[in-house]
Amino acid sequence: MMEFKRSSQGKATSDEDSNGTIDREELKKCIKKLQFHVKEEEIDDLFHSCDVDEKEGIQFNEFIVLLCLIYLLMDSSSSSSDNTSKIGSPELEATFNTIVEAFLFLDKSVDGKLHKKDVVKALNEDSPCEKSPSHVTQTRFKEMDWDRSSNVSFRQFLFAFLDWVGIDTDDENHTTQR
């Protein structure tokens with residue numbers, strides 16, 4: 001399986017030309033390494049879905065989101081035993097599972113979207129001993145709600161989550177470019 005780490009220059013290992021982004025051809029090779037069988041148009045959809053700054057290249061944080069989406073789309077029967085990870089990295093799989101659990105905890109309406117009232121409820125009412133200050137809850141929701149629709153998709157949540165946990169990227173302003 002492929003490695004999910006950066007080179008000494010801080011670039012994703014699937015960035016074959018070392019330009020700091022993964023282009024469509026590099027993405028195709030990466031998906032092949034992951035043994036994820038998709039049609040050409042599905043690769044294009046994944047590329048466009050994760051290239052949020054529309055610079056025709058997937059940056060490291062966008063690559064992590066893409067890997068999580070691929071992980072979620074992979075058939076769980078693809079691992080041959082209970083000890084085998086679907087994506088070749090038990091640590092990465094555990095991380096993605098934790099992120100999904102966090103999203104599901106906040107998705108009180110169980111419709112695949114985070115709604116502002118549900119997030120506020122989850123962060124305050126569901127944990128009365130550990131209430132989040134109102135301004136923190138409001139700020140966190142704004143960081144997720146790029147289009148100010150009061151609904152947050154899993155993809156939006158995942159990008160915000162990566163910012164919160166501090167994935168080190170060269171592009172410090174990517175949250176404002178969405």
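A search of the whole structure, which is a predicted model, finds 7 aromatic pairs. In one of these, the rings of tryptophan 146 and phenylalanine 159 have their centres 5.7 Å apart and their planes at 55°, so the pair is tilted. Tryptophan 146 belongs to the loop between helix H6 (134–144) and strand S2 (151–152), whereas phenylalanine 159 belongs to helix H7 (residues 154–165); the pair therefore ties together parts that are 13 residues apart in sequence. Phenylalanine 159 has a relative accessible area of 1% and is buried, because the term applies to values under 20%.

Ring pairs also join Phe103, Phe154, Phe157, Phe161 and Trp164 into a cluster. Another aromatic residue, phenylalanine 105, has lysine 108 over the face of its ring, at 4.3 Å from the ring centre.

In soluble globular proteins, nonpolar side chains tend to be buried together. In this model, the largest nonpolar core comprises 42 residues, and Phe154 and Phe157 are the residues with the most contacts inside it. At least two residues of this core come from each of helix H1 (24–33), helix H2 (40–50), helix H3 (60–73), helix H4 (90–106), helix H5 (116–124), H6 and H7. The largest share, 10 residues, is supplied by H3.

Phe154 and Phe157, which have the most contacts inside the core, are also members of the aromatic cluster. When neighbours within four places in sequence are left aside, the residues in contact with phenylalanine 157 are Ile99, Ala102, Phe103, Leu106, Leu114, Met144, Val152 and Trp164. Among these contacts are Phe103 and Trp164, both of which belong to the ring cluster.

**Annotated EF-hand spans**

An unreviewed UniProt entry places the feature "domain: EF-hand" at residues 15–37 and 38–73. The table gives the separation of the end C-alpha atoms and the secondary structure content for each span.

| Span | End C-alpha separation | Helix and strand content |
|---|---|---|
| Residues 15–37 | 20 Å | 43% helix, 0% strand |
| Residues 38–73 | 10 Å | 69% helix, 0% strand |

**Serine 14**

Serine 14 is located in the segment before H1. Its relative accessibility is 3%, so serine 14 counts as buried. Serine 14 and lysine 29 are separated by 15 residues in sequence, and their C-alpha atoms are 8.1 Å apart in space.

Technical notes. Residues numbered from 1 in each chain as written. Predicted model: local features only at pLDDT ≥ 70, side-chain atom pairs only at ≥ 80, totals over all residues. Heavy atoms only, no water. Phe/Tyr/Trp six-rings, centres within 6.5 Å; stacked < 30°, edge-to-face > 60°. Helix = DSSP H or I, 4+ residues; strand = E, 2+ residues; numbered from the N terminus. Buried < 20%, exposed > 50% of the residue type's maximum accessible area, 1.4 Å probe, protein only. Lys NZ or Arg CZ within 6 Å of the ring centre and 35° of its normal. UniProt positions renumbered as here; feature names shortened; annotations may be inferred. Core = buried A, V, L, I, M, F, W, Y, C linked by side-chain atoms within 4.5 Å. Contact = heavy atoms within 4.5 Å.
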